[in-house]
Amino acid sequence: MTVAAHQLRCTECSTVITKDDVSRDFRCPQCHGLYEVVYSWSDAKPSPQTGTPDNPNSRLPNPSALRWLWQERRSSSLAVDQSGVWRFRDLLPIVDDFEKVVTLREGNTPLYDLPRSARALGLNWLLAKHQGMNPTGSFKDTGMTAALSVAAERGFQWVACASTGNTSAAMAAYAARAGLHSIVFIPEGKIAWGKLSQAMDYGALTIQLKTDFDGCVNILGDLVRKFPIYLLNSVNPYRPEGQKTPAFEIVEQLDWQVPEHIIVPGGNLANSAALGKGFSEMHQLGLIPRTPKISIIQAEGANPLYRWFIDTNRVMKSVVADTRATAIRIGNPASWRKAADVIDNLGGWCEQVSEQQIALAKAEIGAEGIGCEPASAVTLAGLKKLVALGKVTAEERVVLILTGHTLKDSQYTIDYHRNELFTAAETAQLTPAELAQHAALRKPPIVLEADSSLVLRTLESYMNQPQPA
């Protein structure tokens, strides 16, 4: 049911080019801006009366037909239909032969309710879209299946990325699946080993550079301009096409009801931009009656978008990133303009949260039986601030985007529960109430002698304690 080919449009100067005219580094030669993929419906405007696009001759997809088709594909045994990305391929016609896409059956991730967190915040309705349940454990799989399929179709044999962890794992896995060679550049000592181990296991050539993520990006840019290597960082406009599909899944899982608010972690900022694009396209096509607000949460130590947001002059300045939430330890986000437009166009906010607030939120999500990597937990930490500021009210339906699996950074979790995560200075900043919250959530292992009576007495003392609400 593919209805249109696509073009690429610069997000800065609006220059439109064909897919064959894009440069190796995916930058506009006129203004150095990033590109976005555009289709025949990209600028369609829904009619206020009908909610459907106002041009009857535009050959746009029919909303009712799309909903039916996407649901029918769920019962198919074809790999392309079992993918939670390519099941929606009618709205991402970026390859010529869908039967040759590179897929690991990504997407179709669960939407969990968070009743304890909702009660604590006084909200009636709080859900988490867990993208950590993708094949390599993060949301990056949805974008990587799209961009790497384009690379394979265009005959590239080598692909590469700079990464703080999740991108490298996803790229290496999909490259291995496609039979391509992959190169990963990572900042030395600034990556969770659980993520790095994935890239190595999937056969990537891994190069650690004595610099930060942004330094790795600069080196990679030099490389792809000189050699036939396909760049798979989020500057690649095909990555967001895959990463927009969780927006489709969310409303489909909610019987096509639109939540009021989506909360997204902010690192390189392509994910929030992609989700904004997905919701906007659904609205343009008449699939949904309105768009949700999208708010972006950053760590205090890696907060360039937050600084832009509160700056009256709206000037983006890079920062030296420093946070234990390694997936968002990025000081010069490539997709900041796209993310800023999403905040402005959809009416969201940007907030920052401390290391202590991230750790507490991560433990609270874990106490729900869900679990996530530290970067994902900024969503709940930021939601607390938005509720306190009156930006989110009790009756609003909120969805947190959890971007990575809890096993992505197991050492962080172990250090937290052993009370070894914070420095003395960080602990000193906590109030008595916050210290009590952390203490109630920590569950360190108990070391006992192999004595049955001692074990029974210890268990009895714990069993007599009141159960958490």
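Predicted model: local features only at pLDDT ≥ 70, side-chain atom pairs only at ≥ 80, totals over all residues.

Trainee: Ok, which helix is Ser-168 in?

Mentor: Ser-168 sits in helix H5, which covers residues 166-178.

Trainee: And what is Ser-168 in contact with, leaving aside its neighbours within four places in sequence?

Mentor: With those set aside, the contacts of Ser-168 are Cys-161, Ser-163, Val-184, Lys-195 and Ala-199.

Trainee: How does S6 run relative to S7, parallel or antiparallel?

Mentor: S6 and strand S7 (residues 181-187) run parallel, and five bridges join them.

Trainee: Switching to another sheet. What is the order of the open sheet of three strands?

Mentor: The order is S2-S1-S3, and the pairing is antiparallel. Strand S2 (16-17) and strand S3 (35-38) are at the edges with a single partner strand each, so one side of each has no neighbour in the sheet.

Trainee: How many bridges join S1 to S2?

Mentor: Two bridges join strand S1, residues 7-10, to S2. In that pairing Leu-8 stands opposite Ile-17.

Trainee: What does the lining of the largest cavity look like by class?

Mentor: It has ten nonpolar, twelve polar and three charged residues.

Trainee: And what about the second largest cavity, what is its volume?

Mentor: About 40 Å³. The residues that line the second largest cavity are Gln-131, Phe-139, Thr-142, Gln-243, Pro-246, Asn-271, Leu-275 and Ile-401. By class, that lining is four nonpolar and four polar, with no charged residues.

Trainee: What about open space? What is the volume of the largest pocket?

Mentor: The largest pocket comes to about 1,200 Å³. There are 46 residues lining it, and Glu-364, Ala-367, Gln-437, Ala-440 and Leu-441 are the closest to its centre.

Trainee: Which elements give two or more residues to that lining?

Mentor: They are helix H3 (115-121), helix H13 (355-367), helix H14 (374-388), helix H15 (410-417) and helix H17 (432-441). H13 gives the most, with nine residues. By class, the pocket lining has 22 nonpolar, 14 polar and ten charged residues.

Trainee: Changing topic, how many aromatic pairs are there?

Mentor: The count comes to ten aromatic pairs. In one of them, the rings of Trp-70 and Trp-256 have centres 6.3 Å apart and planes at 25 degrees, so the pair is stacked.

Trainee: Where do Trp-70 and Trp-256 lie in the chain?

Mentor: Trp-70 is in helix H1 (residues 63-73), while Trp-256 is in the loop between helix H9 (245-253) and strand S10 (261-265), so the pair ties together parts 186 residues apart in sequence. Both Trp-70 and Trp-256 are buried. Ring pairs also link Trp-70, Phe-88, Phe-248 and Trp-256 into a cluster.

Trainee: One more place to look. Which residues of helix H12 are buried?

Mentor: In helix H12, residues 336-346, the buried ones are Trp-336, Lys-338, Ala-339, Ala-340, Val-342, Ile-343 and Leu-346.

Trainee: What do the buried residues of H12 pack against?

Mentor: They pack against S3, H8, H10, strand S11 (293-299), helix H11 (304-310) and strand S12 (350-353). Just after H12, Gly-347 has a positive phi of about 80 degrees.

Definitions and conventions. Residues numbered from 1 in each chain as written. Heavy atoms only, no water. Helix = DSSP H or I, 4+ residues; strand = E, 2+ residues; numbered from the N terminus. Contact = heavy atoms within 4.5 Å. Pairing = 2+ DSSP bridges. Nonpolar A, V, L, I, M, F, W, Y, C, P; charged D, E, K, R; others polar. 1 Å grid on protein atoms, 1.4 Å probe; cavity = no way out; pocket = protein on both sides within 12 Å on 5 of 7 lines; lining within 4 Å. Points joined across faces, edges and corners; volume = space filled by probe spheres on them. Phe/Tyr/Trp six-rings, centres within 6.5 Å; stacked < 30°, edge-to-face > 60°. Buried < 20%, exposed > 50% of the residue type's maximum accessible area, 1.4 Å probe, protein only.
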